[in-house]
Amino acid sequence: MDWQPLDFEKPIFELERRLQDLKNHSNAHDVDLDSAVKALEGKLRETRREIYGKLTAWQRPFAMDYIERCFTNWIELHGDRRFADDRAMPCGLATLGTQRCVVITHQKGRNTKENVMRNFGCAHPEGYRKALRLMRLAEKFRVPVISLIDTPGAFPGIGSEERHISEAIAVNLFEMMRLRVPIVAAVIGEGGSGGALGIGVADHVMILENAYYSVISPEACSAILWRDRRHAAEAAEALKLTAQDLLKLEVVDQIISEPVGGAHRDYDSVAVNLGAALRRALEEISKIPADELLEKRYRKFRRLGIFSESKTVTASPRS
C-alpha cells in the first residue's frame, strides 16, 4: 500500500518530492548537483528529526492488515448467535507460526464507504458477544487467544444501548479473567474506553510504539471537558496514554517498535516486529499451567493503579 502523508507529515513529503526531482534533473541532464542534493538531504533529516521527535498521542495512523501479514490460514467466523454479525469486529481462526489460535480484532475503513460498513471501528454489543463466543471456542479446543485492539470506543448509539453494550463488555471482562487458555493482547492503533477493554484482559499486553490505550478516547474527553472535539490533541497529552507512559505505569508489558515516522510508512516492517513479539509472548505463556496462569492474570490486574490513603484522624471522645 502506498504511503499517504498525514497532515503533520506534509513538510517531509514536500522535501522528499523536491529531493527526488533534483536527483532526476541531475541524472537527466548530466549536471553536477551533489552539493544541492546533500544540502536538501540534510534539511530533510533535520525536518524528520524535528517532526517525528515531537509526535503527539493524537497523530496516530490506523492499521488492520496485520492478519494478512502476521498470520496464515485466516478463516473469519461470523455472528454472535443472538442478534447479528458485527462488521466492526472481525474474529476468526488463524495460524501464528505453527500455532493455531483464535484472533479477535477491531476493523476500521480506509474510505467513507468502508468506514460506514465497519462503523468506524466502533463495535456493537453483538461484536463483543461474538468475540466471547470465539474465546469460549478457543477454550474448548485449548488454543490461545490473540486480541488486536484498534477502536476509539464501543458504539454509543441507541440500538447499542438497547442491546446492552455495557453488559456485553462487563461479561467479557469477567469471562476473559477466567478463560483457561493463554491470552495475548496488542494495541495496534487506538485503544479507547471500554471498547478496547472489552477484549483487553490478557496475560501479556503489548502496544505499538505510537499507539494509545486509555479509559476514554481523546475525542470524548475533549467533548466532555471543553464541549468541543477540537481539543482532542490536548486531551491525548493530558491523559498519559502513550506507550511510554503506559509502560511506566505497568498497564502494558511491552512496546513494539515501529519504523521511523510510524507504522503507516512501512506496514511490512512493523508487522514483522509485531508477529515476532506475539510468537515470543505466546511461547512463554503457553508453558504456564492453567491454574497458575489464571492466578497470575488475576494478580496482574489487581495490582494495576496507584492508590494513596490519607491518615485517618480519630475524633476525641466527648466528655
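E190 and K108 are both buried. In this predicted model, their side chains meet in a salt bridge, with N and O 2.4 Å apart. The partners come from distant parts of the chain, 82 residues apart. E190 belongs to strand β5, residues 183-192. K108 sits in the loop between β3 (99-105) and α4 (112-118). Side chains of opposite charge can pair when their charged atoms come close.

The count of salt bridges comes to 17. R180 and D291 form another of them, with the closest N and O atoms 2.9 Å apart. D291 is exposed, at 55%.

D65 pairs with R69. Their closest N and O atoms are 3.4 Å apart. R69 has a relative accessible area of 28%, so it is partly exposed. Elsewhere, E14, R17 and D21 are linked in a network of salt bridges.

The largest nonpolar core holds 63 residues. Within this core, Y66 and F71 touch the most other members. Helix α12, residues 267-285, gives the most to the core, contributing eight residues. What does Y66 touch, leaving aside its neighbours within four places in sequence? Its contacts are F71, L148, I188, L208, A263, V270, A271 and L274. A second core is separate and has seven residues. Among them are L19, V37, L40 and I51.

I224, L225 and W226 make a nonpolar patch of about 330 Å². I224 is found in helix α9, residues 218-225. This residue counts as exposed because its relative accessible area is 58%, over the 50% cut-off.

Next, confidence. The protein has a mean pLDDT of 85. Of its residues, 89% reach 70 or more. Which elements have the lowest and the highest mean pLDDT? Helix α2, residues 34-52, has the lowest, at 77. Helix α5, residues 125-140, has the highest, at 96. Where pLDDT is low, the predicted coordinates should not be read in detail.

Helix α5 also holds E126. Its relative accessible area is 5%, so E126 is buried. Not counting residues up to four places away in sequence, E126 touches D80, F83, A84, D86 and R163.

Two backbone angles deserve a look. Most residues other than glycine have a negative phi. N73 has a positive phi of about 55° although it is not a glycine. N119 likewise has a positive phi of about 55° without being a glycine. Where do they sit? N73 is in strand β1, residues 72-77, whereas N119 is in the loop between α4 and α5. N73 has 52% relative accessibility and therefore counts as exposed. N119 has 19% and therefore counts as buried, since the cut-off is under 20%.

Note on methods:
Residues are numbered from 1 along each chain as its sequence is written. This is a predicted model: local features need pLDDT of at least 70, side-chain atom pairs count only at pLDDT 80 or more; totals for chains, interfaces and linings use all residues. Side-chain values use heavy atoms; hydrogens and water are left out. A nonpolar core is a set of buried Ala, Val, Leu, Ile, Met, Phe, Trp, Tyr and Cys residues joined through side-chain atoms within 4.5 Å. Buried means under 20% relative accessible area, exposed over 50%, partly exposed in between (1.4 Å probe, protein chains only). Helices (H or I, at least four residues) and strands (E, at least two) are DSSP runs, numbered from the N terminus. Contact means heavy atoms within 4.5 Å. A salt bridge is a side-chain nitrogen of Lys or Arg within 4 Å of a carboxyl oxygen of Asp or Glu. Patches are made of residues with over 30% relative accessible area and no salt bridge: like charges are joined within 9 Å, nonpolar side chains (Val, Leu, Ile, Met, Phe, Trp, Tyr) within 5 Å. Accessible areas come from the Shrake-Rupley method with a 1.4 Å probe; for residues, only the protein chains shown count as cover. pLDDT is the predictor's confidence in each residue, from 0 to 100.
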